[in-house]
Amino acid sequence: MNKYNIPANALITVAGTVGVGKSTLTAALAERLGFKTSLEKVDHNPYLEKFYHDFERWSFHLQIYFLAERFKEQKNIFLSGGGFVQDRSIYEDTGIFAKMHADQGTMNPTDYETYTSLFEAMVMTPFFPHPDVLVYLEGSLPSILSRIEERGREMEIQTERSYWEQMYRRYSNWINEFDACPVLRLNIDEYDVHDPASMDAILVEVGKVISKK
Ligand SMILES: Nc1ncnc2c1ncn2[C@@H]1O[C@H](COP(=O)(O)OP(=O)(O)O)[C@@H](O)[C@H]1O
Ligand SMILES: Nc1ncnc2c1ncn2[C@H]1C[C@H](O)[C@@H](COP(=O)(O)O)O1
């Protein structure tokens, strides 16, 4: 246990829409806690760029790829005995991305069913450890869009604004229903990753949420 009352084997997961600041906060919290990070690897993803150019053709491949990657990460966290801050939850893959593409017709219904049954068999079982807390990042859509722009991934910048608007709406609804583990909601205008006192304040809140479990 540390000064924040966070157990050394805890799993803290950071969730939120694309560009909101998950990776940045993940790294800052892990550094402050002396935890390991589990980061989403965008550069070596063989489908992501193709997917942004043709959702219909690649959405199933991409979801299967993400599912395998996240499951491997989860296994690694489990085998290392915890003590991780994780960038994005596996719940967002199905609850936001796969569902959004199925609903808008860019993932065909049979593929969606296959994906969902695989996801449920792998994840929604008592053998799959849920995070101790899910830190949910929220902010205004214009701030998030300017962060996507500033980060400069061409495939995201070229994507229509309506895609990000839809994702933003879905995230807002999804978090209100989410109950797989305790949630701490954080507004992106209310912390500074470069300020140790600001990171400490978040970790105190994380500790409180975990203690209440
Ligand atoms: N607290 C912050 N204040 C200002 N800019 C930020 C902050 N957090 C992240 N950013 C910037 O926003 C962009 C997206 O952040 P990132 O952590 O990659 O988001 P995500 O992992 O949620 O997609 C990056 O350019 C990053 O430097
Ligand atoms: N499950 C997913 N389906 C489609 N796209 C996804 C999924 N998970 C992540 N992504 C995309 C969104 C971004 O372009 C990159 C990285 O996400 P980020 O929120 O910036 O960490 O991958």
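Okay, let's start at Arg88: one of the polar atoms of its side chain lies 2.9 Å from an oxygen atom of ligand 2. That is a polar contact, meaning a pair of N or O atoms within 3.5 Å; within protein, one must be able to donate a hydrogen and the other to accept it, and residues adjacent in sequence count only if both atoms are side-chain atoms.

Before I go on, a bit of housekeeping. What you're looking at is a predicted model, where local features need pLDDT of at least 70 and side-chain atom pairs count only at pLDDT 80 or more, while totals for chains, interfaces and linings use all residues. Residues are numbered from 1 along each chain as its sequence is written, chains are lettered from A and ligands numbered from 1 in the order in which they are written, and side-chain values use heavy atoms, with hydrogens and water left out.

Back to ligand 2. Arg70 has an N or O atom in its side chain 3.2 Å from a nitrogen atom of the ligand. Arg151 also has a polar side-chain atom there, 3.2 Å from an oxygen atom of ligand 2. How much of the accessible area of ligand 2 does the protein cover? It covers 99% of the 480 Å² that the ligand has on its own; those areas come from the Shrake-Rupley method with a 1.4 Å probe, and for residues only the protein chains shown count as cover.

Ligand 2 is surrounded by 17 residues, and the closest are Lys22, Glu40, Tyr52, Gln63 and Glu156. Around a ligand, a residue counts if one of its heavy atoms lies within 4 Å of it. Which helix gives the most to this shell? It's α3, with four residues. Helices α2 (48–53), α3 (55–80) and α4 (90–103) each supply at least two. By the way, helices (H or I, at least four residues) and strands (E, at least two) are DSSP runs, numbered from the N terminus.

Now, ligand 1. Around this one you'll find, among others, Thr17, Gly19, Lys22, Arg147, Arg151 and Tyr191. Helices α1 (22–33) and α6 (141–151) each supply at least two residues of its shell. A polar side-chain atom of Lys22 is 2.7 Å from an oxygen atom of ligand 1, and for Arg151 the distance from a polar side-chain atom to a ligand oxygen is 2.7 Å. Gly19 uses its backbone instead, with an N or O atom 2.9 Å from an oxygen of ligand 1. The protein covers 76% of the 560 Å² of accessible area that ligand 1 has on its own.

Next, the strands. β1 (residues 11–15) and β3 pair in the parallel sense over four bridges, and Thr13 has Gln86 as its bridge partner in β3. β2 (residues 36–38) also pairs with β3 in the parallel sense, over three bridges, with Thr37 opposite Val85. To count as a pair, two strands need at least two bridges found by DSSP.

Are the residues on the faces of β3 (84–87) buried or exposed? Phe84 and Gln86 on one side, and Val85 and Asp87 on the other, are all buried. Buried means under 20% relative accessible area, exposed over 50%, and partly exposed in between (1.4 Å probe, protein chains only). In a regular strand, side chains alternate between the two faces of the sheet.

Last stop is Arg88 again, in the loop between β3 and α4. Its phi is near 75°, a positive value in a residue other than glycine, and at 4% relative accessibility Arg88 counts as buried. Its side chain has a polar atom 3.2 Å from the backbone oxygen of Gly16, plus a 3.4 Å polar contact with the side chain of Glu92. Asn5 isn't a glycine either, and has a positive phi of about 65°. Asn5 is in the segment before β1 and is partly exposed, at 43%.
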